[in-house]
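Have a look at the sequence and structure first.

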Amino acid sequence: MVKKKLVISFPPRLIQEPVTYHLIRDYDLQVNILRATVRPRERGRMVVEIKGDKKNLDRAFEYMESVGLQVDPLVQEMRYYPERCVHCTACTAVCPTEALTVDPSSRELVFDASHCIICESCIPACSYAAIESQF
Ligand code: SF4
Ligand code: SF4
């Protein structure tokens, strides 16, 4: 079983493509939609967590590429700027997934992008603009 967090981007012509339906029915994958933004006549984006057999996942990637969807790993979406961070730890209190934690020995903030679900709760919590969303 392989688990991946992905950002799937849709050009306007593919907004109606039933992607999650195909991923579940044709490739036997478990799909958890973490976030989605779709505006008429604009690009749509969906953050998903996908679980399944590696072979099926590879086939699903081929399907998504073949229809013209862009698939990127989730880690590219939130940016942490350590040079702006003062390690006040305010953001750790609002992070629901422990993507933001404090190193117990250094007392410095640690950002683990693999746990981030792009909820953006940390952005208003930070007075130093040390975390930004690219979503
Ligand atoms: S966007 Fe949400 S999950 Fe990601 S680091 Fe910020 S608070 Fe945590
Ligand atoms: S709230 Fe901002 S400055 Fe404070 S620890 Fe988090 S990222 Fe750093």
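**Ground rules.** I am working with a predicted model, where local features need pLDDT of at least 70, side-chain atom pairs count only at pLDDT 80 or more, and totals for chains, interfaces and linings use all residues. Residues are numbered from 1 along each chain as its sequence is written, chains are lettered from A and ligands numbered from 1 in the order in which they are written, and side-chain values use heavy atoms, leaving out hydrogens and water.

**Domains.** I looked up the division of the protein and found domain 1 (2-76) and domain 2 (78-133), with bounds from an automatic or database domain assignment. Their centres, taken over C-alpha atoms, are 27 Å apart.

**Where they meet.** I found seven residues of domain 1 in contact with nine residues of domain 2 (contact means heavy atoms within 4.5 Å). The rule finds one salt bridge across this interface.

**His 22.** Is this residue buried or exposed? I noted His 22 as buried because its relative accessibility is 17% (buried is under 20% relative accessible area, exposed over 50%, partly exposed in between, with a 1.4 Å probe and protein chains only). Apart from neighbours within four places in sequence, His 22 is in contact with Glu 17, Tyr 27 and Tyr 63.

**Ligand 2.** I listed what surrounds ligand 2, including Cys 85, His 87, Cys 88, Cys 91 and Cys 126 (near means a heavy atom within 4 Å).

Conventions: Salt bridge = Lys/Arg side-chain N within 4 Å of Asp/Glu carboxyl O.
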